[in-house]
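Please look over the protein shown here.

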Amino acid sequence: MTGEQIEEFTQAAVRIEVLPTMVETKRFMNCPLCYSESKWAFKVKGYNLLDCVECGHRFVELQADESHVATVYDDPYFTGGGAGYSDYLIEAKMLRQRGAMYAKKLRRYTSIPGKCLDVGAAAGCILQGFVDAGWRGVGLEPNENMAQSGRELFGLDIRQGSLECFQTDEKFDLIVMIQVVAHLYDPRRAFEKVAGLLEEGGQLLIETWNRDSLYAKLLGKYWHEYSPPSVLNFFSLRGLTKFLENFDLEKIAHGRPAKKISGTNAKSLLRYRIGDWFFLNFIPGQLHIPYPSEDLFWALYQRNN
């Protein structure tokens, strides 16, 4: 090998060694729970889904705020289908029964019904189920038209706003969050609010999708609950319980809830995920379809001091 060839070989080796340091590493959004760094999991509908390298939480890479709430949960979310509802009020009876079902479960863990706050109350159908069981209820709903519907249709005290920005001097014996925590744009701030709103010994009831479900594992990125930008956070029971320990909230019970949805909303959700397949037209809108309970979990937490 000539001297000139040796020099060319050496320069090439240097270029190969230096190249990785010259490529800027992609830095993703930090975890909204523990603020640690994250890594890329996969992409759904143009959004990156990320996993926290410390706590393992999965979330959508989206820096959301109050404008996100106003845009995503506007009127079409409750009537326009897609990842929301094709017609929220068509399920009013089922939702009221759902509230009653949870109120009945809570009799094992609470002595007498007190004052409850239903977060993400929409028109208050689930809240009405708690009121039927003797609870004094307040609803919190970002969408003003939904909140107004609840006030007019059911005579409920439903206030407009997000949990992250909710301001009140009131205290509650129970806070209800049915299918809400996955939508929180700032979960740490939201649960700081929860801890401050609960009475000593007060309880927090959560129902949400189970990221560790068999369906989620089998379907991967095609799992139907990976629906950004509406759904931002994906919890497991273990991950949620560990996170809530930061706010002195201790899990005292959990399970898998029975749930049904209307054929109308089932078709809407399926079209959003798989497209407008012809067989969807044969699902009756009035049909009450069992939702796979393995995909969900409920958990009851108690505030310790």
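## Model and conventions

This is a predicted model: local features need pLDDT of at least 70, side-chain atom pairs count only at pLDDT 80 or more, and totals for chains, interfaces and linings use all residues. Residues are numbered from 1 along each chain as its sequence is written, and side-chain values use heavy atoms, with hydrogens and water left out.

## Overall picture

The protein has 10 helices and 13 strands. These are DSSP runs numbered from the N terminus: helices are H or I with at least four residues, strands are E with at least two. Of the 305 residues, 49% are buried. Buried means under 20% relative accessible area, exposed means over 50%, and partly exposed lies in between (1.4 Å probe, protein chains only).

Take contacts (heavy atoms within 4.5 Å) between residues at least 6 apart in sequence: 68% of them join residues at least 24 apart. The accessible surface is about 15600 Å², and carbon and sulfur atoms hold 53% of it. Areas come from the Shrake-Rupley method with a 1.4 Å probe; for residues, only the protein chains shown count as cover.

## Helix 7

Helix 7 spans residues 187-197; eight of its 11 residues are buried, so it is largely enclosed by the rest of the structure. The buried residues are P187, R188, A190, F191, K193, V194, A195 and L197.

## Nonpolar patch

L214, Y215, L218, L219 and Y222 form a nonpolar surface patch with about 560 Å² of accessible area together. Patch residues have over 30% relative accessible area and no salt bridge; nonpolar side chains (Val, Leu, Ile, Met, Phe, Trp, Tyr) are joined within 5 Å, like charges within 9 Å. A salt bridge is a side-chain nitrogen of Lys or Arg within 4 Å of a carboxyl oxygen of Asp or Glu.

Y215 lies in helix 8 (residues 214-219). Its relative accessibility is 39%, so Y215 counts as partly exposed.

## Pocket and cavity

On a 1 Å grid over the protein atoms alone, a cavity is a set of points where a 1.4 Å probe fits but cannot get out; a pocket is an open set with protein on both sides within 12 Å along at least five of seven lines; lining residues have an atom within 4 Å of a point. Points are joined across faces, edges and corners, and a volume is the space filled by probe spheres set on the points.

The second largest pocket holds about 310 Å³. Its lining has 17 residues, with C55, G56, H57, G239 and L240 nearest its centre. Helix 9 (residues 237-244) gives the most to this lining, five residues. The largest cavity holds about 30 Å³. A182, T208, W209, R211, W223, N233, F234 and F235 line this cavity.
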